[in-house]
Amino acid sequence: MSTAEKIAASQSPSTNRLRPKFSFLTDNRLSFLFVSPTLIVLLFIAIYPLIWSLTASFTNRTMSQNQEVVGVGIENYSELMTEDRPWERFVVTGKIVVPSVIIQTVLGFGIAMLLNRKFAGRGVLMTMMLIPMMLSPVVVALFWRFMMQGDGIINYYIKNVMGFEPILWLADRSIIPWSVVLVDVWMWTPFMMLIALAGLSAVPTYLYEAAEVDRAGAWFRFRHITLPIVAPLLMIGIIFRIMDAYKMIDIIFVLVGDRGGVGRAAQTAGLYVYDVAFKQQDTAVGSAYGYIMLVVIIALANLLIRQLNNLKGAE
Amino acid sequence: MELLKRVGFWVVLALVFGFFMFPLYWILISSFKTRADIVSTTPSYLPYLEFNPIFDNYTDVLVGGSQTSGEGSTVTASADVSEFRDRLINSIIITGGSTILAVLIGTLTAYAVSRFTIPLEDDFMFFVLSTRMLPPIVVLIPVFVLFNDLELRDTYHGIILLYTAFNLPFVVWIMKGFFDEIPKEYEDAAMMDGYSRFQAIYKIVLPEAIPAMAATAVFSIIVSWNEFVLANFLNRDTASTVPPFLNSIIGVGAVEWGRLAAASVVYVIPVIIFTFIVRNHLLRGVTFGAVRR
């Protein structure tokens, strides 16, 4: 075949019958070839650590090198189950994750509705709205800490402009969890906005036109056209947000310190693992607690994914 | 009524926008302020009118530093500040490497799951997702031990592999959704014309998938670019990235807000540019196949 013919052949498969190359790559071989890299990477990075910490959680392993590691059975687990503190950490985690994700979803969806129309500067506005989630959590938390300080700019407004008592964002133990929620909302609402926008852009306009003909109200349109189509997508966004907020430690770490601030007000389960495994150097108990965390989130995710499949099925 | 609606729309938009933009603006102007202006109790917002902007913070961070960032604060960490460039290069290599790997591997896997019959498909997808549920702090201990044994600590390939694993779940989930939406008649037609499956994939399917891959890459870049916990513990030297460095700026004595702000601004700009370029594909990219048309 001449070069010209080759080019013609590669460009117009419909006119020239080609001799298939790589036909030794059957569908079966390809699926093996395509799936195995992911499987190998994830097995290496995720499964190995899982097995390692599962084993460690049944021993008395600590950080120190020269120590005899012996099995202790389920002692670490029973210890964690009977103490109050480990459970309190889950309550704290819930107090932060639940409001964060709810506010992010509602606010993100609302902003998406606002942006889901054509107006000048929409592209720029959208890109700017995404900036918070592009920043390093370390930077975000540091600057919020800066703004939330006793004499920071937020309190400057509360005191000098609005005339209220300054709020102790980072020092009052009943407020600290809400400060964390505020920062998390600021950083991750853009993510939910993006997801909601993607969903909204998929709603076919003829449905709205049909509703127009039927003189359906705004609420009816929202409830029966918009929501059902966006819901599955929103649900996936929520699942990812819950998983990430659940394990998030960097914002709290930088905002109020590695123990979660005054009275451990924001010491979540993740920070508790850090405390036990690294500060107290108790690898075994830390691993056991990590396992409890994992079981909880897997159960929760399973529940949510089932919910998601219901949503998809109901469509 | 129509006018009222319009005004209402812009007012609400401005309020929401203000809440999200003000902290960004605050970081930006702080990067041009002297130390005295930053800690001043009366805030100043407008450069030239309310305070005299300086560029020392940027030169300090990028070129490496002078000792004068304000009266009375001779900074101890100025030698470290010039390190920023090295860390930045590391961040670029590591983010680039892990993003390309994750998007490439993840896309192929997603294609296979979407088109071929894979045994235990649902379980596989859940397994992929479940690896993202692991709190990094839990992974950290065993990975630390593993990386020590295999001499992967402080190497580029070690941390690239780790971030690839971090990003794979998201890539696989998004791209599977994408392939579920593309009619498979595309490849079928090509194969009828004599293409092998493999040829059909890289000549027909992959070019079609590039916008979605770009959108996925944005998320991968954001994660790798900003990851802190693992980078902080695993890499101390050769392969250390910017986020732990930003955190270490505050570790030394009084916080150098100006330099921190300047470094943060420099650090976020590449991500903003990339996002802006692919913004039109972002929406289509993140549908996860959850929206059927």
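Predicted model: local features only at pLDDT ≥ 70, side-chain atom pairs only at ≥ 80, totals over all residues.
Close-up 1. In the pair formed by Phe58(A) and Tyr77(A), the ring centres are 5.3 Å apart and the planes lie at 40°, so the arrangement is tilted, since stacked planes would have to be under 30 degrees apart and edge-to-face planes over 60. Phe58(A) is partly exposed, at a relative accessible area of 32%, while Tyr77(A) is buried, at 14%.

**Close-up 2. The stacked pair of Tyr274(A) and Phe278(A).** The rings of Tyr274(A) and Phe278(A) are 5.7 Å apart from centre to centre, with 25° between their planes. Both residues lie in helix α12 (residues 269-279) of chain A, and because they are 4 residues apart there, about one helical turn separates them. Tyr274(A) and Phe278(A) are both buried.

**Close-up 3. A cluster of rings with members from chains A and B.** Ring pairs join Phe34(A) with Tyr111(B), Phe116(B), Phe178(B) and Phe179(B) into this cluster.

**Close-up 4. Charged side-chain ends over phenylalanine rings in chain B.** At Phe51(B), the charged end of Lys33(B) sits over the ring, at 5.2 Å from the ring centre. At Phe276(B), the charged end of Arg279(B) sits over the ring, at 4.0 Å from the centre of that ring.

Note on methods: Residues numbered from 1 in each chain as written. Chains lettered and ligands numbered in written order. Heavy atoms only, no water. Phe/Tyr/Trp six-rings, centres within 6.5 Å; stacked < 30°, edge-to-face > 60°. Buried < 20%, exposed > 50% of the residue type's maximum accessible area, 1.4 Å probe, protein only. Helix = DSSP H or I, 4+ residues; strand = E, 2+ residues; numbered from the N terminus. Lys NZ or Arg CZ within 6 Å of the ring centre and 35° of its normal.
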